[in-house]
Amino acid sequence: DQHLRHVEKDVLIPKMMREKARERCSEQVQDFTKCCKNSGILMVVKCRKENSALKECLTSYYNDPAFYEECKMEYLKEREEFRKTGIPAKKRLQKLPTSM
């Protein structure tokens, strides 16, 4: 079933996109974070360059239709797996305890 509900299209897939974009823009995220830590209260003024670079990187992913499709397919795969097993992806990815 490829049909997406409103909440999936407008909330869940964009959330996945944000998480993946932050991973892919990790260098810009680190630069911005480091600048903010070093600048203290003046970060608004001092970190404009890092903030602009981060926004540009994230926006390039948010506006990329191919990236949306990639996240949509991954979401559909996770949803299908959940419907089969009844186990959410986060729980499925955790290692099961082994008895000794």
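This is a predicted model: local features need pLDDT of at least 70, side-chain atom pairs count only at pLDDT 80 or more; totals for chains, interfaces and linings use all residues.

Mentor: Residues are numbered from 1 along each chain as its sequence is written, and side-chain values use heavy atoms, with hydrogens and water left out.

Trainee: At what angle do helix α2 and helix α4 pack?

Mentor: Helices are DSSP runs (H or I, at least four residues), numbered from the N terminus. Axes are lines fitted to C-alpha atoms, for helices over the stretch in contact, and angles run from 0 to 180 degrees between N-to-C directions. Here α2 (residues 26-39) and α4 (residues 48-62) pack at about 155°, their axes 9 Å apart. α2 is therefore roughly antiparallel to α4; angles under 35 degrees count as roughly parallel, over 145 as roughly antiparallel, 65 to 115 as roughly perpendicular and the rest as oblique.

Trainee: Is the crossing of α2 and α4 left-handed or right-handed, and which residues make the contact?

Mentor: A crossing is left-handed if the near helix is turned anticlockwise from the far one by less than a right angle, and right-handed if clockwise. The crossing of α2 and α4 is left-handed. Contact means heavy atoms within 4.5 Å; α2 contributes Gln 28, Val 29, Asp 31, Phe 32 and Cys 35, and α4 contributes Glu 50, Asn 51, Ala 53, Leu 54 and Cys 57. By class, the residues of this contact are six nonpolar, two polar and two charged. In this scheme Ala, Val, Leu, Ile, Met, Phe, Trp, Tyr, Cys and Pro count as nonpolar, Asp, Glu, Lys and Arg as charged, and the others, Gly among them, as polar.

Trainee: How do α1 and α4 cross?

Mentor: Their axes come within 9 Å and cross at roughly 135°, so α1 and α4 are oblique to each other. The crossing is right-handed. On the α1 side the contact is made by Met 17, Arg 18, Ala 21, Arg 22 and Arg 24, and on the α4 side by Leu 58, Tyr 61 and Tyr 62.

Trainee: What does Tyr 61 touch?

Mentor: Not counting residues up to four places away in sequence, Tyr 61 touches Met 17, Ala 21, Arg 24, Cys 25 and Phe 67.

Trainee: How are α1 and α5 set to each other?

Mentor: The axes of α1 and α5 come within 9 Å and cross at roughly 115°, so the two helices are roughly perpendicular. α1 passes α5 in a right-handed crossing. Among the residues in this contact are Met 16 of α1 and Tyr 75 and Glu 78 of α5. The contact divides into nine nonpolar, no polar and nine charged residues.

Trainee: Where does Lys 46 lie, and what is it in contact with?

Mentor: Lys 46 lies in helix α3 (residues 43-46). Leaving aside neighbours within four places in sequence, Lys 46 is in contact with Cys 35 and Ser 39.

Trainee: What is the volume of the largest pocket?

Mentor: On a 1 Å grid over the protein atoms alone, a pocket is an open set of points where a 1.4 Å probe fits, with protein on both sides within 12 Å along at least five of seven lines; lining residues have an atom within 4 Å of a point. Grid points are joined across faces, edges and corners, and a volume is the space filled by probe spheres set on the points. The largest pocket has a volume of about 510 Å³. Of its 15 lining residues, the closest to the centre are Met 16, Tyr 75, Glu 78, Ala 89 and Lys 90. α1 gives the most to the lining, with six residues.
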